[in-house]
Amino acid sequence: MRVFRRALAALPQRTATWWRYVPYDQLQAAWLPPPETGVGLLLVECPNKARRRPYHRQKLATVLSHQRHFALEAAAAGWQVRYVVASSYAEAVREHSASHGVLEVAEPAEYELREELAPCIAEGALRVIAHPGWLTEDADFDGLGGPPWRMDAFYRRVRLRTGALMENGEPVGGTYSFDHENRRPWRGEVQPPPTLSFDVDAITAEVVETIERDFADHPGRIDAARLGARIDDVEASWAHALHHALPWFGPFEDAFSTRERTLFHTRVSTLLNLGRLDVRRVLADVLAASLPIASQEGFVRQILGWREFVRHIHRRTHGMRTAPGLHPAPGRTDGGWSLAFERPWASASPSDLARVRTERGFPRPPAFWGHKPSGMRCLDHVVQAVWDEGYTHHIARLMILGNLATLLRIDARDLTDWFWCAFTDAYDWVVEPNVLGMASYATPAFTTKPYVAGSAYLDRMGDACKTCRLNPKTTCPITAWYWAYLADHADTLRKNPRMAALRRPSLAADRAAVAQAQRALAAGQPVPAMGTAR
Ligand SMILES: Cc1cc2nc3c(=O)[nH]c(=O)nc-3n(C[C@H](O)[C@H](O)[C@H](O)COP(=O)(O)OP(=O)(O)OC[C@H]3O[C@@H](n4cnc5c(N)ncnc54)[C@H](O)[C@@H]3O)c2cc1C
């Protein structure tokens with residue numbers, strides 16, 4: 001890190017009188033006491049954390065390049081910055097407090113980090129204050145009752161309390177949700193904005209070189225021009241999303257296309273989850289913008305509703321450890337990497353993390369690691385995007401990756417760990433509720449039904465079927481998997497009239513299609529077309 005060290009050393013630094021530890025996902029100047037208070041900032045790089053799982057190389061590059069740019073920007077703005085590399089965050093905090101006194105930290109969002117720092121707090125090396133980067137309060141959620149918890153009820157409460165999109169005590173536009181208007185497939189009628197690229201400066205180039213060299217066994221491609229780690233890049237990304245994506249965000253929110261990876265989504269999750277973009281500012285900008293109400297409300301629901309809701313789910317279930325239907329036990333940590341690459345993931349150790357165990361299902365096949373295609377255009381297209389960029393939008397995550405994995409009975413813990421490794425915006429507080437609660441229905445903590453669908457849905461909302469070797473009406477097996485899933489979960493689903501399994505004369509063939517696909521995928525082969533496999 002010679003280039004970075006030299007750049008940091010070249011900045012004049014005042015002498016701090018007290019210290020704040022700034023975790024890797026709190027890279028936000030607006031959350032800090034001003035430099036005039038005498039506060040210094042401790043930032044820590046921890047290569048062991050990076051090796052804990054087979055994280056996408058783009059994710060490692062994202063975290064490191066943003067953290068290093070933040071350190072330089074903070075030093076230039078007048079904070080004293082101490083930047084260390086350590087074998088653990090706790091070690092860095094202990095070592096720093098031994099010579100500089102007790103540090104302050106805003107409560108970490110991730111369970112893993114809270115757990116690691118707990119002894120430092122007990123020893124008196126660290127003092128925790130509230131995290132300033134959330135939009136809602138514990139009482140907004142805790143007053144709901146539950147489990148099960150309901151997002152709609154939470155969202156209404158928060159709208160009423162904060163006054164966001166409210167007029168005279170009523171929701172703007174006469175309803176709290178425009179979901180029913182936001183279900184258009186995209187057929188090319190409006191051109192989505194291009195994805196931004198940025199100059200690669202010397203700091204980012206050095207990070208990329210380090211990741212390519214020291215983390216060569218990690219999966220995925222680094223696209224340095226997409227990292228956009230300077231604060232000016234972050235500002236440009238948000239301005240681009242606000243002015244060019246959000247006007248059409250609502251209507252095409254549920255669409256999927258193989259021609260456009262982003263459509264009208266904003267790609268701000270990675271920046272929000274690192275703290276580089278302050279969610280309060282994002283909300284204020286969206287409320288002040290002149291946008292069609294279906295898009296404005298649709299986006300507000302995502303950041304004031306869903307994003308806050310899942311972090312409360314994480315908080316109330318102790319990182320899903322006490323979510324109904326799940327129980328803690330050590331488990332797999334490599335998301336199926338060792339199965340796909342036929343060698344163990346070096347740093348995965350069962351004692352590394354206390355994990356949430358789910359009913360063991362079919363292990364994640366190589367097709368999800370972009371290794372051997374599944375022969376299904378929808379899945380292969382999304383998997384390619386994931387390993388190219390560490391990103392896909394919500395519908396691709398939920399209705400393709402999550403849906404197909406659930407129908408194939410892929411173990412929900414494996415699925416979660418795969419998402420955690422593969423996406424640049426994945427941290428335990430957000431990825432675990434989304435996968436265990438929403439995509440796989442491993443816990444009924446907050447959803448009333450699994451998000452599963454057959455090929456008719458995928459054909460209607462997307463265009464992948466048009467160029468697939470499988471015909472959605474005849475040879476694609478997804479609908480058979482769907483019926484087999486409903487039949488096999490009939491007891492759980494009976495309470496939900498929309499999902500009550502009908503009696504299908506072809507149930508035996510439906511179940512056989514699942515088993516055939518599992519066998520083929522486990523062997524790294526394409527899924528058989530209906531009616532052709534034995
Ligand atoms: C199986 C699955 C796994 C997911 N894993 C993650 C994850 O690891 N990290 C993550 O940030 N989001 C996750 N999500 C939620 C959502 O898919 C992403 O936030 C979104 O796709 C990010 O892209 P975007 O910024 O273009 O989002 P947009 O569609 O532009 O949405 C705007 C913002 O709303 C927030 N948001 C919307 N839905 C959710 C949600 N369910 N949970 C949390 N925030 C939400 C995000 O901050 C997002 O940036 C997951 C969803 C599913 C179904």
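These legends go with a set of views of one predicted protein model.

This is a predicted model, so local features need pLDDT of at least 70 and side-chain atom pairs count only at pLDDT 80 or more, while totals for chains, interfaces and linings use all residues. Residues are numbered from 1 along each chain as its sequence is written, and side-chain values use heavy atoms, with hydrogens and water left out.

**View 1. The fold as a whole.** The protein chain has 21 helices and nine strands; these are DSSP runs, with helices (H or I) of at least four residues and strands (E) of at least two, numbered from the N terminus. Its C-alpha trace spans about 75 × 60 × 45 Å along the principal axes.

View 2. Of the 534 residues in the protein chain, 58% are buried, where buried means under 20% relative accessible area, exposed over 50% and partly exposed in between (1.4 Å probe, protein chains only). The protein chain exposes about 21000 Å², and carbon and sulfur atoms supply 53% of that; the areas come from the Shrake-Rupley method with a 1.4 Å probe.

**View 3. Threonine 262 up close.** Look for threonine 262 in the loop between helix H9 (231–245) and helix H10 (269–274). Threonine 262 counts as buried because its relative accessible area is 9%. Leaving aside neighbours within four places in sequence, threonine 262 is in contact with Thr195, Arg267, Tyr391 and His393; contact means heavy atoms within 4.5 Å.

**View 4. Contacts along the chain.** Take the contacts in the protein chain between residues at least 6 apart in sequence: 75% of them join residues at least 24 apart.
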